[in-house]
Amino acid sequence: MHSLKSIFLLFALLPLSLDSLGQGVYKLKSGDPNGINKWYMGRQIAQVMSHYGIDWLERKEREMEENTSLLLKNLAVKPGMLIADIGAGSGYHSAMLSKMVGSGKVFAVDVEQEMIAYLQARIKREKLSQIVPVLCTEKSVSLPENTIDLILLVDVYHEFSYPYEMALSMLSSLKPGGKLVLVEFRSEDDEVPIKTIHKMSENQAIKELKIAGFKFEKNISNLPWQHCLVFTKR
């Protein structure tokens, strides 16, 4: 009987243990002034780019610097797909993706209300009917479970205040076999002209997403400045 009670207690505490795992690995300490005083798995979390950075997101040089056209080819988008652009910001990528999905949809997800307002105005101005703006939280992408074919994150994951919780939420939203494509400036390359805290290494990214349940598939290493890391839902 005592053994049976112990088993029941173990299962009762299991959800709590899983929920607290992310919190348990966050460390609070100072570091780079361009980051917040919070660390995850040895990495300092960067400050979030707000709507004040829209001009930089929409800069004319972006195609030349990041080869966005090649990134879109890497995604192998098919008509009818449901794509989530997490941290969509101004909708730079969402706008292009919306013209590739046919009858599908692009969920442009962002945590800032001002970005969502900008997206809504852009959708109306450019007649982008395939984009659905979604206001998320710091811990959830606010998308239904098992619905998304492809998740795209471009230069945003390193700014998540709760990367573990967000990774779990993204995993939940993906269909079985769905893919997550993580695009981050390469910290292994000193020639990439981006502040260190806004870069990530391949090893760090794999380590962080693996703990949340993602399976690393490959790095499509054809972009000028960025990793293009492909993960799948187990």
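A residue is called buried here when its relative accessible area is under 20%, exposed when over 50%, and partly exposed in between (1.4 Å probe, protein chains only). By that cut-off, 50% of the 234 residues in the protein are buried. This is a predicted model, in which local features need pLDDT of at least 70, side-chain atom pairs count only at pLDDT 80 or more, and totals for chains, interfaces and linings use all residues. Residues are numbered from 1 along each chain as its sequence is written, and side-chain values use heavy atoms, with hydrogens and water left out.

**Overall make-up**

- The protein has eight helices and 11 strands; helices (H or I, at least four residues) and strands (E, at least two) are DSSP runs numbered from the N terminus.
- With contact meaning heavy atoms within 4.5 Å, residues 24 or more positions apart account for 67% of the contacts with a separation of 6 or more.

**Nonpolar cores**

- A nonpolar core is a set of buried Ala, Val, Leu, Ile, Met, Phe, Trp, Tyr and Cys residues joined through side-chain atoms within 4.5 Å.
- The largest core has 34 residues, of which I86, L153 and L180 touch the most other members.
- Two or more residues of this core come from each of β4 (82–86), β5 (105–110), β7 (148–154), α7, β8, α8 and β11 (226–233).
- Helix α7 gives the largest share of this core, five residues.
- Beyond four places in sequence, I86 touches V109, V141, L143, I151, L152, L153, V156, F160, M166 and M170.
- A second, separate core of 26 residues includes L72, M81, V106 and L128.

**Helices α7 and α8**

- Helix α7 (residues 163–173) packs against helix α8 (residues 202–212) at an angle of about 60°, with the axes 9 Å apart.
- That angle makes α7 oblique to α8, where under 35 degrees is roughly parallel, over 145 roughly antiparallel, 65 to 115 roughly perpendicular and the rest oblique.
- Axes are lines fitted to C-alpha atoms, for helices over the stretch in contact, and angles run from 0 to 180 degrees between N-to-C directions.
- On the α7 side the contact involves P163, Y164, A167, L168 and L171, which meet E208, L209, I211 and A212 of α8.
- By class, this contact has eight nonpolar, no polar and one charged residues; Ala, Val, Leu, Ile, Met, Phe, Trp, Tyr, Cys and Pro count as nonpolar, Asp, Glu, Lys and Arg as charged, and the others, Gly among them, as polar.
- Nine of the 11 residues of α7 are buried, including E165, S169 and S173.
- In α8 the buried residues are Q204, A205, I206, E208, L209 and A212.

**L182 in strand β8**

- L182 lies in strand β8 (residues 174–186) and is buried, at a relative accessible area of 1%.
- Apart from neighbours within four places in sequence, L182 is in contact with L153, Y157, A205, L209, H227, C228, L229 and F231.
- The C-alpha atoms of L182 and Y157 are separated by 7.8 Å, with the two residues 25 apart along the chain.

- Most residues other than glycine have a negative phi.
- A76 has a positive phi near 50° and is found in the loop between α4 (68–74) and β4.
- S142 is not a glycine, yet has a positive phi of about 60°.
- S142 is in the loop between β6 (131–135) and β7, and counts as partly exposed at 35% relative accessibility.
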